[in-house]
Amino acid sequence: MKQLSVDKMLNIIEYEKVRSDYRKDIIDYKKHRRIKIGPNLAIVFENERTLSFQIQEIMRAERIVHDEKIQEEIDIYNSIMPPKNGLSATLFIEVTQEDQIKPVLNQFIGLTTGQTIFLDFDGEKVFAQFEQGREEEDKISSVHYLQFKLDPSQTEMLADHNSTVKIGIDYNEYLHSVKLTSHTKDSLYEDVKDSSSTN
């Protein structure tokens, strides 16, 4: 299973030299990996490429130069790398109006328990596994980390442009699903193949 490592990170001086092109490349890459699910949820599928960018930005913002400090960040992000034969994603609860933040978040309390977010492979659902600790009895975070573990037939459906794969949510009154494009499926297929390999 692939892991992030210090030796793959650019030091902050070298990163500054390439940051403009690096950011443009990542923004373009993530276009097919960010999916809006209804009015208030968005999901971004993560992998070595997207998470490395986040670490480089943290190193730049916080002026982190020592390997042990960089490793601390890497350890955090390795925990949300795609699992073996699976996918990893960040889920955002998005609210555009400040006075609506609490009411909207409150309607999602309980989202992380049970079967709520799913990938639908032509009628066969794979439910997301949520990272624990981001929800309490009376409040919920606006950011969540998910993993989906796939079997070989589901992985191959990602590679098949004729297959129908959707991502969706079924939680209380919030019911939405979105069909994945061929571009998105291709990108996610590479994630699953990479997750089963080693560095």
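Mentor: A residue counts as buried when its relative accessible area is under 20%, as exposed when that area is over 50%, and as partly exposed in between. Please note that the model before us is predicted.

Trainee: Is S88 buried or exposed, and where is S88 placed?

Mentor: S88 is in strand 3, residues 86-93. Its relative accessibility is 2%, under the 20% limit, so S88 counts as buried.

Trainee: Which residues does S88 touch?

Mentor: Leaving aside residues up to four places away in sequence, S88 touches V44, F45, E46, I80, M81, P82, P83, L146 and Q147. With one of these, I80, there is a close pair of atoms to inspect: a polar atom of the S88 side chain lies 2.4 Å from the backbone oxygen of I80.

Trainee: Let us turn to helices. How is a pair of packed helices described?

Mentor: Two packed helices are described by the angle between their axes and by the distance between those axes. Here, helix 1 (residues 12-30) and helix 2 (residues 48-62) have axes that come within 10 Å and cross at roughly 140 degrees. That angle makes helix 1 oblique to helix 2, because an angle has to be over 145 degrees to count as roughly antiparallel. The crossing of the two helices is left-handed.

Trainee: Which residues make the contact between helix 1 and helix 2?

Mentor: Helix 1 contributes I12, Y15, E16, R19, Y22, R23, D25, I26, Y29 and K30, while helix 2 contributes R49, T50, S52, F53, Q56, E57, M59 and R60. Sorted by class, the contact comprises 7 nonpolar, 3 polar and 8 charged residues.

Trainee: What is there to note about the backbone of R63 and of N85?

Mentor: Each has a positive phi although neither is glycine: the angle is near 55 degrees in R63 and near 60 degrees in N85. R63 lies in the loop between helix 2 and helix 3 (67-78), and N85 in the loop between helix 3 and strand 3. R63, at 51% relative accessibility, counts as exposed, whereas N85, at 34%, is partly exposed.

Trainee: How many residues separate A159 and D186 in sequence, and what is the distance in space?

Mentor: The two are 27 residues apart in sequence, and their C-alpha atoms are 6.0 Å apart. A159 belongs to helix 5, residues 152-159, and with 33% relative accessibility A159 counts as partly exposed.

Notes. Residues are numbered from 1 along each chain as its sequence is written. This is a predicted model: local features need pLDDT of at least 70, side-chain atom pairs count only at pLDDT 80 or more; totals for chains, interfaces and linings use all residues. Side-chain values use heavy atoms; hydrogens and water are left out. Axes are lines fitted to C-alpha atoms, for helices over the stretch in contact, and angles run from 0 to 180 degrees between N-to-C directions. Helices (H or I, at least four residues) and strands (E, at least two) are DSSP runs, numbered from the N terminus. Angles under 35 degrees count as roughly parallel, over 145 as roughly antiparallel, 65 to 115 as roughly perpendicular and the rest as oblique. A crossing is left-handed if the near helix is turned anticlockwise from the far one by less than a right angle, and right-handed if clockwise. Contact means heavy atoms within 4.5 Å. Ala, Val, Leu, Ile, Met, Phe, Trp, Tyr, Cys and Pro count as nonpolar, Asp, Glu, Lys and Arg as charged, and the others, Gly among them, as polar. Buried means under 20% relative accessible area, exposed over 50%, partly exposed in between (1.4 Å probe, protein chains only). A polar contact is a pair of N or O atoms within 3.5 Å; within protein, one must be able to donate a hydrogen and the other to accept it, and residues adjacent in sequence count only if both atoms are side-chain atoms.
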